[in-house]
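Please look at the sequence and the structure before reading on.

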Amino acid sequence: MNAGLISHHLKTNQAFNNDNHCYGIEYRYSTTQGISAGRFYNSVRKDTQYVVWSWQPVQFGVLHLGIMMGGIDGYPNMNNGGWFLAALPVATIEYQRFGVNFTVIPTIQDRIYGVASIQLKIKLY
């Protein structure tokens, strides 16, 4: 269960939302792959839905490194707020029932502004 998203925008002279309330689910079906879906209140104060597949083939103990790819919506300057495809680097730390996903989203012209995000998660079973 994903329970929160905290962001730090690389461009700090804008009034971006850094407290991105979130809820979602994640299912890891192997040691290197998983799927996630959820909803959050994004940086430009719009609701965003996402569905992603993650692949994290590099592991160092509790640290997993890789990429996540999938669909996301809710950004007015990308496809008029509709769905678009994205691929992002992801690092995950998991220990027992708790975990954290880290990702960095690059700036894409005037459509998406660069941000570093932390997503908290808890394992239900």
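E6 and strand E7 (residues 84-95) run antiparallel and are joined by 10 bridges. Strands here are DSSP runs of at least two residues, numbered from the N terminus, and two strands pair if DSSP finds at least two bridges between them. This is a predicted model, in which local features need pLDDT of at least 70 and side-chain atom pairs count only at pLDDT 80 or more, while totals for chains, interfaces and linings use all residues. Residues are numbered from 1 along each chain as its sequence is written, and side-chain values use heavy atoms, with hydrogens and water left out.

**Strand pairing**

Leu63 has Ile93 in E7 as its bridge partner. Strand E6 (residues 63-72) also pairs with strand E5 (residues 47-60), in the antiparallel sense and over 9 bridges. In that pairing, Trp53 is placed opposite Met69 in E6. The hairpin of E5 and E6 has 2 residues between the strands, and Gly61 there takes a positive phi near 65 degrees.

**The largest pocket**

A pocket is an open set of points on a 1 Å grid over the protein atoms alone, with protein on both sides within 12 Å along at least five of seven lines; its lining residues have an atom within 4 Å of a point. The largest pocket has a volume of about 760 Å³, a volume being the space filled by probe spheres set on the points, which are joined across faces, edges and corners. Its lining is made of 43 residues, and those nearest its centre are Phe40, Ile72, Leu88, Thr103 and Ile105. Several strands each supply at least two lining residues, among them strand E1 (2-9), strand E4 (33-41) and strand E8 (98-105). Which strand gives the most to this lining? E7 does, with 7 residues.

**Salt bridges**

Side chains of opposite charge can pair when their charged atoms come close. A salt bridge is counted when a side-chain nitrogen of Lys or Arg is within 4 Å of a carboxyl oxygen of Asp or Glu. The whole structure holds 4 salt bridges, including those in the table.

| Pair | N to O distance |
|---|---|
| Lys121 and Glu26 | 2.9 Å |
| Arg28 and Glu94 | 3.5 Å |
| Arg39 and Asp47 | 2.9 Å |

Arg28 lies in strand E3 and Glu94 in strand E7, so this pair ties together parts that are 66 residues apart in sequence. Glu26, Arg28, Glu94 and Lys121 are linked in a network of salt bridges.

How covered are these residues? Buried means under 20% relative accessible area, exposed over 50%, and partly exposed in between (1.4 Å probe, protein chains only). Lys121 is buried, at 9%, whereas Glu26 is partly exposed, at 23%. Arg28 at 22% and Glu94 at 24% are also partly exposed. In the remaining pair of the table, Arg39 is partly exposed with 28%, and Asp47 is partly exposed with 41%.

**A nonpolar patch**

Met1, Tyr27, Tyr29, Ile35, Phe98, Ile122, Leu124 and Tyr125 make a nonpolar surface patch of about 910 Å². Such a patch joins nonpolar side chains (Val, Leu, Ile, Met, Phe, Trp, Tyr) within 5 Å, from residues with over 30% relative accessible area and no salt bridge. Areas come from the Shrake-Rupley method with a 1.4 Å probe. Leu124, in the segment after strand E9 (115-122), is exposed, with a relative accessible area of 55%.

How values were computed
Patches are made of residues with over 30% relative accessible area and no salt bridge: like charges are joined within 9 Å, nonpolar side chains (Val, Leu, Ile, Met, Phe, Trp, Tyr) within 5 Å. Helices (H or I, at least four residues) and strands (E, at least two) are DSSP runs, numbered from the N terminus. On a 1 Å grid over the protein atoms alone, a cavity is a set of points where a 1.4 Å probe fits but cannot get out, and a pocket is an open set with protein on both sides within 12 Å along at least five of seven lines; lining residues have an atom within 4 Å of a point.
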